[in-house]
Amino acid sequence: MKLFSFLRSRKADTEADAKADSPTLAKKLDKTGSRLRRGLFDRLLGRNALDEDLLEELESELLMADVGVETTNALLADLRERAKRDSSGTSLRDHLSACLVDRLTPVEQPLDIERRSPYVVLVVGVNGSGKTTTIGKLAKQLQRGGLSVMLAAGDTFRAAAVEQLQTWGERNDVPVISQGPGADSASVIFDAVSAARARGVDVLIADTAGRLQTQSNLMDELSKVLRVIAKLDDSAPHEVLLVLDGSTGQNALSQARQFHEAAKVSGLVVTKLDGTAKGGVLFALAHELALPVRFIGVGEGIDDLQAFEAKAFVDALLGEEQA
Ligand SMILES: Nc1nc2c(ncn2[C@@H]2O[C@H](COP(=O)(O)OP(=O)(O)O)[C@@H](O)[C@H]2O)c(=O)[nH]1
Ligand SMILES: [Mg+2]
């Protein structure tokens with residue numbers, strides 16, 4: 001049974017934003033988007049022919065925005081085709097925008113929370129990618145949706161990590177299960193799942209240490225966490241969320257591949273798209289891994305986590321008005 005759908009909640013937020021005049025996604029993605037916008041759209045608009053020079057310029061813009069070689073080539077091939085029929089700047093621009101949306105639509109798969117005892121979300125990713133912050137934002141949104149939430153301080157590697165999670169817990173008035181520094185991550189998470197079950201909590205979100213994909217001992221620790229959770233509920237974790245820093249470009253891709261191998265990632269969160277991220281990495285991720293993109297992080301505040309929507313994202317990147 002579905003307890004909560006993030007996309008529905010997102011749509012309600014968008015309507016509220018429009019009324020409340022709060023910053024739009026386009027505003028939040030301004031730094032990320034302005035580059036692509038200038039690089040692609042403004043270039044296309046001024047022209048009425050798709051010549052080789054223009055194609056070359058577009059190619060280098062797409063590559064610099066981390067879109068990836070294959071996706072870039074495919075987009076350019078699409079544009080060439082379009083140009084045979086209509087090479088006006090506006091036609092090419094609209095076509096490019098539609099092609100970009102098409103490439104992201106398959107990964108627009110919002111997280112649906114189901115009734116479990118509890119629904120377990122395991123959050124993984126390298127240090128600094130935004131795991132703990134994402135957990136704080138997520139806890140808030142779930143609570144707002146009427147769900148009870150508990151957090152597990154599974155990042156036992158760094159003392160500060162436990163405190164950081166506790167701060168988010170206090171802010172949201174959500175219980176945080178932790179043990180002393182240096183505790184065994186799997187044991188903390190095991191305790192937390194048991195406690196959440198005993199208290200009838202809807203969703204347990206577990207933080208983990210920033211496992212560098214090259215540190216095989218940390219990957220082993222992750223396998224242990226998965227084994228231990230499965231002892232309590234063989235369907236858990238119900239979601240393995242990989243948090244990727246959107247500004248790390250192709251690195252995000254190799255992280256995604258390796259975490260997916262170690263922990264069967266079921267969804268992605270791409271953070272820091274409000275900063276100087278180039279945004280294109282989402283296209284490369286969609287092309288190469290086709291993993292569901294659950295959320296995007298567009299700031300440090302509690303409300304700066306949005307369910308991913310392909311069209312809204314592309315429109316915001318390219319500075320289009322929302323339809
Ligand atoms: N601008 C911006 N900063 C973010 C975002 N998500 C996380 N951060 C910041 O990134 C830093 C690392 O985040 P943290 O959650 O501690 O990462 P962790 O090590 O993976 O748990 C913190 O300073 C966060 O405030 C985001 O979407 N936008
Ligand atoms: Mg952390």
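Visitor: Which residues come nearest to ligand 1?

Guide: Of the 19 residues around ligand 1, Gly130, Lys131, Thr132, Thr133 and Gly297 come nearest, where a residue counts as near a molecule if its C-beta atom, placed from the backbone, lies within 6 Å of it. This is a predicted model, in which local features need pLDDT of at least 70 and side-chain atom pairs count only at pLDDT 80 or more, while totals for chains, interfaces and linings use all residues. Residues are numbered from 1 along each chain as its sequence is written, and chains are lettered from A and ligands numbered from 1 in the order in which they are written.

Visitor: Which helix gives the largest share of that shell?

Guide: Helices (H or I, at least four residues) and strands (E, at least two) are DSSP runs, numbered from the N terminus; here helix H7 (residues 131–144) contributes the largest share, 3 residues.

Visitor: In what order do the strands of the sheet lie?

Guide: Two strands pair if DSSP finds at least two bridges between them, and in this model 8 strands form an open sheet of mixed pairing, in the order S5-S4-S6-S3-S7-S8-S9-S10. Strand S5 (176–177) and strand S10 (305–307) stand at the edges with a single partner strand each, so one side of each is left without a neighbour in the sheet.

Visitor: How many bridges join S9 to S10, and which residue is the partner of Gly297?

Guide: S9 and S10 run antiparallel and are joined by 3 bridges, with Leu305 in S10 as the bridge partner of Gly297, a residue also listed among those nearest to ligand 1.
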